[in-house]
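Student: I have a new model open in my viewer and would like to learn how to read it. Could you walk me through some of its features?

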Amino acid sequence: MNGEAILPYLIIIPLFGAFAMPIVSLAGKKAREAWAVIISALTLVVASAVFYHVWKTKEIIVYTLGAKTPFGQGVGFPIRIVWEVDLFGAIMVLTVAFVSLMAVLYSLGYMKHDTGLEKYYTLILILELGMLGIAITGDLFNFYVFLEIMSIASYALVAFRNDTWEGIEAGVKYMFVGSIAGSFILLGIALLYGQYGTLTMGYIAVKIAENPTVTAKVALALFIAGLLFKSGASPVHMWLADAHPAAPSSISAMLSGLVIKVGGIYAMARILFSIYSPMAHSIVLKAYLQPYINMSAIGWLIIIFASLTLIIGNAMAVIQTDMKRLLAYSSVGQIGYILLGLGIGLAAYGTQTGEVALAGAIYHTVNHAIMKALLFLVAGVVIHEVGTRNLNELSGLAKTMPKTTFAFLIGAAAIVGLPPLNGFASKWLIYESSAVFNPVLGAIAIIGTAFCTAAYVRVLYTFFGRPSERVANARDPETSMMLPMLLLVLAIVIMGLLPWQISDKVMIPTARMLEQFKFEYINALMSLAGGA
Amino acid sequence: MIPFQFITAFLMMAIGIYAFLYKRNLIKLILALNIIDSGIHLLLVSLGYRMELNEPPTAPIYTGYETLKSAMVGPLPQALVLTSIVIGVCVLALAMALTINAYRHYGTLDVRALRRLRG
């Protein structure tokens, strides 16, 4: 199977599906639902094929839009838009497609009572499309366009229930923060373009290595600031705690599970490791010199934000009485772990510790996407059946909704990091590497987990408590809502049974490819120059 | 010497950021976002501007470019700005829709009133 041939369908299928949705939904409710499921299932098939191809061949797919090669006639540098998929991108593509399919399946039952559903399904497919685009793009401006596609779709989805003040207020806050972050990123791109005259990520990396300037540093600062906003790191996490609970639960699952990772963590890793590669400097100049941009200081900067995020997010989760708000703060905390892994990967670049930390961060990104999606879907079921998400009114849910409670138990145990489940392996990699790198960071990570455990034990305590009359009539939901939860539980358990195999076979090679000791990301692009 | 377009562009961004931080009306905040975006667009467009032989550049239209005496402006920044303007219009439309809805629910456009979500 040819990776380049199937890659465009990753965008074509959801794009076509999204804009055909209003026409298809003229044929009725059933047609609309079937169309949404078929499109997202097809996307998952393509995503699996892309992932399998990249993982099997360990080669980076380079796809040029509208031509055979990114290089122009008689020009020695890339002038066309390229898509580049390495293993990290492929993993994100697979995760996005999987969780999106679950969210669409869940919406069939959950959104049944809402109106304007053709717009809802259009937006959900556009959201998926934007995230897939970010994961595969190799061009900075293309990245910005996909980022904005994703962001606009998610602002609209947060405010989808516009008859409630909650959705509107959260949507307004989310939109202002997201737009200002998007402006930062656009300014960074404009500065890099003005300095180096190109937008292709791999070629900018070469240019920066040859001639690092102050402009490149300012652009890096703007990128980091914008992407920390987008990923919901402390001290700018307030929008996340408002926006994620206010959205419909299927959307919360996508926002918390995917949007903050792809639009924040993945993009930051791509910019730090592929564009401002710490290695490129010495390879391009064929000699080891002290890099002009001190990447280990940048790593420490991210570590500081990560520690702050980790403590604040998890500690705030403990005191929440609103179930979805608790989950949203827990997302902030988990983003802290991922940022910690990323920061150590950059600060300890080139050592075993850095590699393990980076692998842990990537592993935790995938795991957290699955776990948090499951937890938000459970919260949605509770809202659907009981009509409240106030933890004080939900006591004794285990009696009337046993299957849902079981799903929550699995998700909570996984996110805390209990051994037989998937959260254990990824958190272990992060603890291990942070303790080796700097014991204080290891201690901070453990304290964060203690808070996290407290928060989830509190919810479970409520669920298993004495039944209140409020929950007496609650029942386990219908199949279309049960099925995605079951599939996510299965994914957690299966990934939990093979922790070290996944780590060695997938995550470590991914980290190695992202670190590009052999210049992989740039070579994959520049090696095409011979054919021009 | 820094070209005056760049100074204007950064001045516009500064004005936008000032308005974003100190204004309390939702519509003024949306205008602030647009001023910041316009500043970035001005920066991008002026990156493509170049003078050759003291002649101002012409539009990047390739038919009959052999007879041109002066240089052409860079076409890529213009394409970028066009795309970015379209994105800006999307955000603007969505922001206005949300503002209308916020006014319906809160009866005011003051952002300080949008504080019911807590915890």
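Student: Is A:Lys58 buried or exposed?

Tutor: A:Lys58 has 12 C-beta neighbours inside 10 Å, so it counts as exposed. This lysine lies in the loop between helix 3 (29–57) and strand 1 of chain A. Its backbone deserves a look too: phi of A:Lys58 is near 55°, a positive value in a residue other than glycine.

Student: How many other C-beta atoms lie within 10 Å of A:Lys68?

Tutor: There are 10, so A:Lys68 is exposed. You will find A:Lys68 in the loop between strand 1 (61–64) and strand 2 (82–85) of chain A. For a sense of distance, take A:Lys68 and A:Ile508: they are 440 residues apart along the chain, and their C-alpha atoms are separated by 32 Å.

Student: While we are on the backbone, which peptide bond is cis?

Tutor: Look at omega, which is near 0° for the bond from A:Ser234 to A:Pro235, a cis peptide bond. A:Pro235 sits in the loop between helix 9 (214–231) and helix 10 (238–246) of chain A.

Student: How should I take confidence into account?

Tutor: Where pLDDT is low, the predicted coordinates should not be read in detail. Chain A averages a pLDDT of 86, and 96% of the residues score at least 70.

Student: Now for helix packing. At what angle do helix 15 and helix 20 of chain A cross?

Tutor: The axes of helix 15 (residues 352–386) of chain A and helix 20 (residues 479–497) of chain A come within 10 Å and cross at roughly 150°. An angle over 145 degrees counts as roughly antiparallel, and helix 15 of chain A and helix 20 of chain A are therefore roughly antiparallel to each other. Their crossing is left-handed.

Student: Which residues of the two helices meet?

Tutor: From helix 15 of chain A they include A:Ile370, A:Leu374 and A:Leu377, and from helix 20 of chain A they include A:Met485, A:Leu488 and A:Ile492. By class, the contact of helix 15 with helix 20 of chain A has 15 nonpolar residues, one polar and no charged.

Student: How do helix 17 and helix 20 of chain A cross?

Tutor: The axes of helix 17 (residues 402–416) of chain A and helix 20 of chain A come within 10 Å and cross at roughly 35°. This crossing is left-handed. A:Lys403, A:Ala407, A:Ile410 and A:Ala414 in helix 17 of chain A meet residues of helix 20 of chain A, among them A:Met485 and A:Val489.

Key: Residues are numbered from 1 along each chain as its sequence is written. Chains are lettered from A and ligands numbered from 1 in the order in which they are written. This is a predicted model: local features need pLDDT of at least 70, side-chain atom pairs count only at pLDDT 80 or more; totals for chains, interfaces and linings use all residues. pLDDT is the predictor's confidence in each residue, from 0 to 100. Axes are lines fitted to C-alpha atoms, for helices over the stretch in contact, and angles run from 0 to 180 degrees between N-to-C directions. Helices (H or I, at least four residues) and strands (E, at least two) are DSSP runs, numbered from the N terminus. Angles under 35 degrees count as roughly parallel, over 145 as roughly antiparallel, 65 to 115 as roughly perpendicular and the rest as oblique. A crossing is left-handed if the near helix is turned anticlockwise from the far one by less than a right angle, and right-handed if clockwise. Two residues are in contact if their C-beta atoms, placed from the backbone, lie within 7 Å. Ala, Val, Leu, Ile, Met, Phe, Trp, Tyr, Cys and Pro count as nonpolar, Asp, Glu, Lys and Arg as charged, and the others, Gly among them, as polar. A residue is buried if 20 or more other C-beta atoms lie within 10 Å of its own, exposed if 12 or fewer, and partly exposed in between; C-beta atoms are placed from the backbone.
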